[in-house]
Amino acid sequence: MNTTNMAENETLESITEHERILQEIESTDTACVGPTLRSVYDDQPNAHKRFMEKLDARIRNHDREIEKMCNFHHQGFVDAITELLKVRADAEKLMGQVTDTNQRLQEAGREVTAQTEEVIRCRLQQRNMATTVEKLQLCIPVLEMYSKLKEQLESKRYYAALKTMEQLENVYIPRVSKYRFCQIMAETLPKLREEIKEISMSDLKDFLESIRKHSDKIGETAMRQAQQHRTFISAMQKQASLGCTKPLYSLNGRTPTQHNGLHREEGAEEEESEEQVLTAQDLVDFSPVYRCLHIYTVLGDRDSFENYYRKQRKKQARLVLQPQSNMHETVEGYRKYFNQIVGFFVVEDHILHATQGLVTRAFTDELWNMALSKIIAVLRTHSSYCSDPDLVLELKNMIVIFADTLQGYGFTVNRLFDLLFEIRDQYNETLLKKWALVFREIFEQDNYSPIPVETEEEYKSVISRFPFHEAEIEKQPFPKKLPMSQSVPQIYTQVKEFIYASLKFSESLHRSSTEIDDMLRKSTNLLLTRTLSGCLQNLIKKPHIGLTELVQIIINTTHLEQACRYLEDFITNITNVSPETIHTTRLYGLATFKDARHAAEGEIYTKLNQKIDEFIQLADYEWGMSESDGRASGYLMDLINFLRSTFQVFTHLPGKVAQTACMSACKHLASSLLQMLLDPDLKQISLGAIQQFNLDVIQCELFASSEPVPGFQGDTLQLAFIDLRQLLDLFMVWDWSTYLADYGQPTSKYLRVNPSTALALLEKMKDTSKKNNIFSQFRKNDRDKQKLIETVVKQLRSLVNGMSQHS
């Protein structure tokens, strides 16, 4: 029972709690239902089921109440809907009437409203127009001027644009300065001025670049005109000298005139359709300079413009004056260099005369002096690299035209002509080097034999190239031989060619005939005394030149020496300066050829001696032989035969040369033979060897007495061997008593025997006697002879000592 009661109590409590929860759910907001519902699950187990049952019962109660309410109000709702439907028809009818009425009203008032608005708008426009017309009358001139300014800027009439700006600023803009566009316009004008300055400066830079590019063409044109004018003047002078009145020709069919510093030739079309000569204005548009000058003048900034222009031109001048590193290699390199410089100063001369004060004469003179120093230094350096005389000559001609061109524009060019004298020396040096090669080639190709001539035509051909006149040879029948070799006429012709080449440089230097004559003679002297002389000296020293060639060289130099007076006449005919003039330089060819001949003669003597030495080296004496072979040595006979044939070749030489050569050879032979006897390496000589040596000396004496070269008086040539003869006789005869007794007397039989020489030879023989006579001490004659030798040796030594003390 108690358990049942407790269960019933719990059930009642849970029902009460569920009722409370339902009331909270119905009375509270749905957002706060969470805690209420959570309490359902916090109670006893299975409480939520009972709660759900309770909730379902509550829902069914509410549904029944709603149904009752709906049943109660349904009839009223139906009646209200019925009345509403009746009212809708009336409302629609009323709405139609209202709409119709409104439409009629709107139509009636639209016309009035439109007319009213039109009147208002017209009144406003009328007032605005009046105001606008009034203001435009003030603004139109400003706008017109500004429009004019824009047109001027677009057409690049910057000077007029600047004038328009002045009017706008001073006259027009102050009248309407309160308007915004005028303020903007006033602020724009300074910017436009700066733009004009920048544009004009840009045009000037383009102009400077343009003249830098066209300087070459301008200079080429100016130099060509100067050259044509020079040719024209030269022709007119020749014409005047001939007494002609009709002009020989006109310069490109025109008469030269001076226009803006350039020679301009006006007239008919040039012959052979030559293109018309252009001036600087034709090649370059100078308007940017004029325009920029005016603009900067108007802007009050002329000084800065002048300074800028001069500074830029100085920079360009330095660039123009800087040559290419290989300029000296070609003519075109020099031509381009000169053209650019001439073009530069032609432009400056034009600017000087076409503008007022942009450049001054002082400025151009300063530029020219700076340029002239640089030009001279450049030409002096690069000309020194030139090794081709033709290139140096071309350079000289270009310098002359260059100087004449700039002189025509008022620039001083004296220093350039002074430079030409330095280059003339360089030109002469290159000519000398070139002709040195020519002479060497001539000498190398020469056969060093007389020129054979078979016919009269060949003979005339030779004498037309070389002034040879010898009556004996002219009388000889053909074929015949001229004494000189083929190099002689070739050398003579080349000397004349050198004179012509030297003359080419002297032309156009504004020098007198006397000065030109002096230049030619000095350069020719250098050719003869240095170049030709040096080539001859080198030729003579060459190993392959033998005695025959040396003989021919002596003959050649003799004929070249005789031809020097014809070279004097040749120069005189060219320069028309009499050789009797007090300051006339003489040619030194005589001394040149004499020196060469002397050198050749000395070389003959040297080669003869060398040949003798070669034969001497072949000698093979048996110095210990007991008796001679009875005949001369083979090497000596070969040597004598060589000398005999050699001296036969000397018949064409001058007598003294042949005699001197022969005497020199004999003396050298005698000296060499004596040195052979006295050789320190030779320790012993037998009497048999002396006898064999004596046979060789006899052959030498026979050769000397045979007169191998005519012209010797008596036994002059034999005297070359007198020292050897007396020495050998002394030893062969063993005549020591006579030698010692007569020593020092002029009448001595052995006057040419020197005691020291005799002592040296006797010492060699004494050693031989000791060696070959081991038992000589046991034979009385040998002992006596040995004592005699020792006695003679002592006496000779006393003589030698006495000579040394006396000396």
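1. Start with Asp723, which comes out as partly exposed at 31% relative accessible area. Keep in mind that this is a predicted model. The side chain of Asp723 meets that of Arg752 in a salt bridge, 2.7 Å from N to O. Asp723 belongs to helix α23 (residues 722-733), while Arg752 sits in the loop between α24 (736-742) and α25 (755-772), so this pair ties together parts that are 29 residues apart in sequence. Arg752 is partly exposed as well, with a relative accessible area of 47%.

2. Next, have a look at Glu763 and Arg797, whose side chains form a salt bridge at 2.4 Å, N to O. Here the contact runs from helix to helix: Glu763 is in α25 and Arg797 in α26 (residues 780-806), so the two tie together parts that are 34 residues apart in sequence. For Arg797, the relative accessible area is 40%, which makes this residue partly exposed.

3. The Glu332 and Arg335 pair stays within one helix, α9 (residues 331-354). Their closest N and O atoms are 2.6 Å apart, giving a salt bridge. Arg335 is partly exposed, at 30% relative accessibility.

4. On the overall tally, I'd note 22 salt bridges in the structure. Some residues join up in a network: Asp517, Arg521 and Glu568 are linked by salt bridges.

5. Then there's the glutamate cluster. Glu454, Glu456, Glu457 and Glu458 make up a negative surface patch. One of them, Glu454, is placed in the loop between β3 (451-453) and α13 (456-465). Its relative accessible area is 45%, so Glu454 counts as partly exposed.

6. Last, the cysteines. How many disulfides does a search of the whole structure find? The count is 0. Cys662 is a case worth a look: the nearest cysteine sulfur belongs to Cys666 and lies 4.5 Å away, and Cys662 is in no disulfide.

Technical notes:
Residues are numbered from 1 along each chain as its sequence is written. This is a predicted model: local features need pLDDT of at least 70, side-chain atom pairs count only at pLDDT 80 or more; totals for chains, interfaces and linings use all residues. Side-chain values use heavy atoms; hydrogens and water are left out. Patches are made of residues with over 30% relative accessible area and no salt bridge: like charges are joined within 9 Å, nonpolar side chains (Val, Leu, Ile, Met, Phe, Trp, Tyr) within 5 Å. Accessible areas come from the Shrake-Rupley method with a 1.4 Å probe; for residues, only the protein chains shown count as cover. A salt bridge is a side-chain nitrogen of Lys or Arg within 4 Å of a carboxyl oxygen of Asp or Glu. Lys and Arg count as positive and Asp and Glu as negative; His and the chain ends are not counted. The place of a charge is taken as NZ of Lys, CZ of Arg, CG of Asp or CD of Glu. Helices (H or I, at least four residues) and strands (E, at least two) are DSSP runs, numbered from the N terminus. Buried means under 20% relative accessible area, exposed over 50%, partly exposed in between (1.4 Å probe, protein chains only). A disulfide is a pair of cysteine sulfur atoms within 2.5 Å.
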